[in-house]
Amino acid sequence: MPFYVNDKIQMIKRSSLRRAWNALKVISSYYLSRLFNSPNQMGMPMAIAIEPTTACNLGCPECPSGLRSFSRPTGNLKEEFYQKVIDQVYKDTFYLTFYFQGEPYINPNFLEMVQYASEKNIYTATSTNAHFLNDENARKTVASGLDRLIISLDGTTQEVYENYRVNGRLDKVIEGTKNVIKWKKELKSSTPHLIFQFLVVKPNEHQIDEVYQLAKDLGVDEVKLKTAQVYDHEHGNPLIPENEKYSRYKKNTDGTYSIKNSLDNNCWKLWHSCVITWDGGVIPCCFDKDATHRLGDMSDLSFKEIWQGESYNQFRKQLLKGRENIEICKNCSEGTKVWA
């Protein structure tokens, strides 16, 4: 429990009266929009995800980056543009995730970007496959001020791990984890809060207990189990777990599968957060992996003009009217509740 307490303390340290007031405006906007069935947005996003790169060293089967299946341009986030984004949002935005598609550490300026946001008192988090956490990168990670580091660990043996993390090496993940823990001790730092994220799929669901034990043995702060998004799920998929508790999908009486989510015509994410792609596109959420709903471009407009602009409000209006007409919302299991 003390590890969780440290993480909560870090979040509290990142708070301010202005950010609290902005959060109140965002929450009020969300409920007013639902009440009157009309989009209203008075605040700025409380959380933003920004994409350091679309490149990845692995080939995971349900990941557009791993499959190299993007139709949108690929590349690395440029530091000058990134700083421009942060300078526009940091007074109101509380939480910054350095991840969308790709492996963040492939961007050579990634940790300098983390430090810049940390110096603006934003809570920073990233997700990594940990293959680039050599000793030097681990030291720089801790020194950067990164608040949360999520390490994807989808198996406790190489055979099971590489079933999903294609081309990955479990020993590199373990080594990288140990490096970060070592440097946290060396630098006497309580951050980053270290999480093993276990994507539960059928080939690894029997190792859930083992990942908790491994985390304990290594000194990892927390384990999070994550359900897998599967694109072709209707007629079953070899990745869908046997235990429905760990699945986003339920098996119907006719043998087909459907998403558990009721898919109500509202989405908290459209009011409190967004994603910015490496090349400046602003999109509604992480389910729009190919950026098909580009609601604005920061090379043309300021972030506020996009966030409170006509295109964004039209998308919110469309969702309030019927999310079944939005392709990225049909396979969504998140975002429908405040604090989800």
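Where is Lys-188 found? Lys-188 sits in the loop between α8 and β5; helices (H or I, at least four residues) and strands (E, at least two) are DSSP runs, numbered from the N terminus.

This is a predicted model, in which local features need pLDDT of at least 70, side-chain atom pairs count only at pLDDT 80 or more, and totals for chains, interfaces and linings use all residues. Residues are numbered from 1 along each chain as its sequence is written, and side-chain values use heavy atoms, with hydrogens and water left out.

**Loop residues**

Buried means under 20% relative accessible area, exposed over 50%, and partly exposed in between, with a 1.4 Å probe and protein chains only. The loop between α8 (170-186) and β5 (193-200) also holds Pro-192. The peptide bond leading from Thr-191 into Pro-192 is cis, with omega near 0 degrees.

**The sheet**

Nine strands make up an open sheet of mixed pairing, in the order β6-β5-β4-β3-β2-β1-β9-β10-β11. Two strands pair if DSSP finds at least two bridges between them. At the edges stand β6 (222-227) and β11 (296-297); each has a single partner strand, so one side of each lacks a neighbour in the sheet.

Strand β1 (residues 47-50) is covered on both faces: Ala-47 and Ala-49 are buried on one side, Ile-48 and Ile-50 on the other. β1 runs parallel to strand β2 (residues 95-98) and is joined to β2 by four bridges. Ile-48 is opposite Leu-96, and Ile-50 is opposite Phe-98. With strand β9 (residues 273-276), β1 also pairs in the parallel sense over four bridges, and there Ala-49 has Val-275 as its bridge partner.

**A helix pair**

Helix α4 (residues 79-89) packs against helix α5 (residues 110-119) at an angle of about 20 degrees, with the axes 11 Å apart. Axes are lines fitted to C-alpha atoms, for helices over the stretch in contact, and angles run from 0 to 180 degrees between N-to-C directions. α4 is therefore roughly parallel to α5, a term for angles under 35 degrees. In the contact (heavy atoms within 4.5 Å), Glu-79, Tyr-82, Gln-83, Ile-86 and Asp-87 of α4 meet Glu-112, Met-113, Val-114, Tyr-116 and Ala-117 of α5.

Conventions
Angles under 35 degrees count as roughly parallel, over 145 as roughly antiparallel, 65 to 115 as roughly perpendicular and the rest as oblique.
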